[in-house]
Amino acid sequence: MKKILSIVFLTVSCSLLTANCFAQDQHKVDSLLAALKKNDAAKKELGSKASAKHDTAALKILYGLSAEYWGNNPDKAMEYGARIITVFQEMKDTSNYIEAILDCSQYYLSIGNYSKAIEFIQKGMSKSKEMNYQQGIALSYLFFGDMYRDQGENSQALENYQKSISILSEIKDTADLYNSLAALGGFYYKIHNVEKALEYYHKVIELCEAKKDMKDRSGSVYGWIGQVYDDNKDYANALLNYQKSLALLEANKRTEKYVNIYNRIGQAYREQGNMEQSLEYHFKALRVAEELKSEDGIASSYLHLARTYDAQKNHKTAKQYSDSSLTLYKKRIDISSTSDAELLASEIDSAMGNGTGAYQHYKQYVLLMNKLKGDEVHKAAQKEKYQGEFDKQKAIDKAEQDKKNAVQRLTRNVLTGGLMTVLLFSIIFFRQRNNIAKGKKKSDELLLNILPSEVAEELKDTGVSKAKSFEEVTVMFTDFKGFTMISEKLSPEQLVKEIDYCFSAFDKIIQKHGIEKIKTIGDSYMCVGGLPAANKTHSEDTVKAALEIRDFMANHNKEKLAKGELPFEIRVGINTGPVVAGIVGVKKFAYDIWGDTVNLASRMESSGKEGEVNISGSTYELIKDKFTCSHRGKIQTKNKGEVDMYFVE
């Protein structure tokens, strides 16, 4: 019972740590609660005559309830987790009692509550040492390794993983050694050490092959190895290991692992350009998912099929599968996968010329990505909140010794140095406080360099920055004509210096006119008027800034020509309309804008003329009474048909 329940719980925990919130199966929850009530009543009625089977039944029900609630109600899940610990304690089952305590630490770790996670790991470690339960000590080191890994403390994570492996190897605990070796392989995978990740994954395979009852578990490991090669675009080796995984899995009853491996194989074939094989394996994955009645597997297979059909330019079929995938993911409240499906749906609609649909899907994608970003910021805030507790555990032995040494030094210094020592400590204290203040100011300035002030303040105050829709803004793009040809004639240093000189001037100009810089891509410069704080002068402000940029470049080119240097001839394009703005990404995140308005602004630039400010009809209608403009007529543009364009004189 001990190993069965522990493995069940660990399996549920590990799978849920990597998943998004899914709605619990309320029918299943109600059924489990009814079963628990009935079991509790029977146990109470029997009193001292109650048998171990009532405890076993209670544990199975409690594990089921904890798993069901975990997706969207961690507190409720932990309520049942606490009851699991109590049952094992009443049964005087020390080993399972300790392992249940350690399992609970993984719940808290996954939601960023490091204080609680440490509390449970320390409790498990303490109890294990008290009972000389080596397996519990090893698992405590394993979970400490996970905590250090999440904190980015790689050397500490590695040290704890190795301690865990050393103990488990000595006591010949094969099952938990499998978990520790796999965790270390995953750690190296996370820090992109491909060689070490493969080394430890192969050690796991050796361990599985040496034990007949674990041989089938190597099927999963070959899948991990395939993923390592897949991520490094070595699709030949990825496919080889995926096929090995499949061969081992086929010896057992079909599970969701089949769906995953089939889809990975299909994806690898798609990356190789073999669409026929890609579709074959994605359909295999779909059939297995349907047999298992797995909505998650079906949704994933639909999404992969949509990607392959999209790669074949069969957008109509791609859209059918994309819509089906999106419907299922929304139903399951899977934020990460839904955002992927929304992005693909946007790309498909765009390819089919459905600009409105593409915009709506992209808007939803940005909203979901901002929610994920908010979750990351919240978790980072939780991590910071409990950092003190974590650091306390990380260096507990060293801290105690340092404390003793500090007391001895302070006593000696006070007796011999008196006031001078106190003064010295005061100087150090105020210097450190000033350094902290300077560091905070520097970090705030850096944040304002990345994000608009309103967005930066919202992020600092609430930990989240929500995506916003703006009904009307004015977007400007600039680009240098013949940039590639000119860049070939300049040294890298000269090129960077020239671009930096021009873009720095652009930054000053748009700042003067209240325009928000969005980004630069190569020689392209993008900015927008009217956000993040909406205003009614955005079109006028943006056109004024554009004319000033045009005039600056004209004067700059005169200087360059006088020196015999090649000029940088600029094109400027402007368009007005609605956009969605927000933060996307998890690392190196940036403020950006999306929508058809942005695409048309880009077309204004590419369809313009060097030395001219080319604007769309929507911008013209807003500024025609304040600027002299010449109508260019209707100009053919990519994916937009004929569009009215004007030069601002």
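What you have open is a predicted model, in which local features need pLDDT of at least 70, side-chain atom pairs count only at pLDDT 80 or more, and totals for chains, interfaces and linings use all residues. Residues are numbered from 1 along each chain as its sequence is written, and side-chain values use heavy atoms, with hydrogens and water left out.

His513 sits in the loop between α24 (492–512) and β2 (516–521), where helices (H or I, at least four residues) and strands (E, at least two) are DSSP runs, numbered from the N terminus. If you set aside the neighbours within four places in sequence, His513 is in contact with Asp541, Lys544, Ala545 and Glu548, and contact here means heavy atoms within 4.5 Å.

Next, select helix α25 (residues 538–562). Its end C-alpha atoms are 36 Å apart, which agrees with the 36 Å that its 25 residues should span at 1.5 Å a residue, the expected span being 1.5 Å times one less than the number of residues. After α25 comes Gly564, whose phi is positive, near 80°.

Now zoom out to the whole chain, which has 27 helices and 8 strands. Of its 649 residues, 46% are buried. Among contacts between residues at least 6 apart in sequence, 63% join residues at least 24 apart.

Go on to Ala117, which lies in helix α6 (residues 114–130) and counts as buried at 0% relative accessibility. Leaving aside neighbours within four places in sequence, the contacts of Ala117 are Ser105, Tyr108, Leu109 and Met147. If you also select Phe144, you will find it 27 residues from Ala117 in sequence and 9.4 Å away in space, C-alpha to C-alpha.

Then select helix α10 (residues 194–210), whose 17 residues reach 24 Å from the first C-alpha to the last, close to the 24 Å expected at 1.5 Å a residue. Which residues of α10 are buried? They are Ala197, Leu198, Tyr200, Tyr201, Val204, Ile205, Leu207 and Cys208. As you look along a helix, remember that an α-helix has 3.6 residues a turn, so residues three or four places apart point the same way. The cover over the buried residues of α10 includes α9 (174–190) and α11 (218–231).

Helix α12 (residues 235–249) is the next stop, and its buried residues include Tyr235, Leu239, Tyr242 and Leu246. The buried residues of α12 pack against α11, α13 and α14 (275–292).

From there, select helix α13 (residues 256–272) together with helix α15 (residues 295–311), whose axes come within 10 Å and cross at roughly 10°. The two helices are therefore roughly parallel to each other, a label for angles under 35 degrees, while those over 145 are roughly antiparallel, 65 to 115 roughly perpendicular and the rest oblique. Where they meet, Glu256, Val259, Asn263, Gln267 and Arg270 of α13 face Gly297, Ser300, Ser301, His304, Arg307 and Thr308 of α15.

Finish at Lys371 in helix α18 (residues 355–385), which at 42% relative accessibility counts as partly exposed. The C-alpha atom of Lys371 is separated by 9.5 Å from that of Ser336, although these residues are 35 apart along the chain.

Methods. Buried means under 20% relative accessible area, exposed over 50%, partly exposed in between (1.4 Å probe, protein chains only). Axes are lines fitted to C-alpha atoms, for helices over the stretch in contact, and angles run from 0 to 180 degrees between N-to-C directions.
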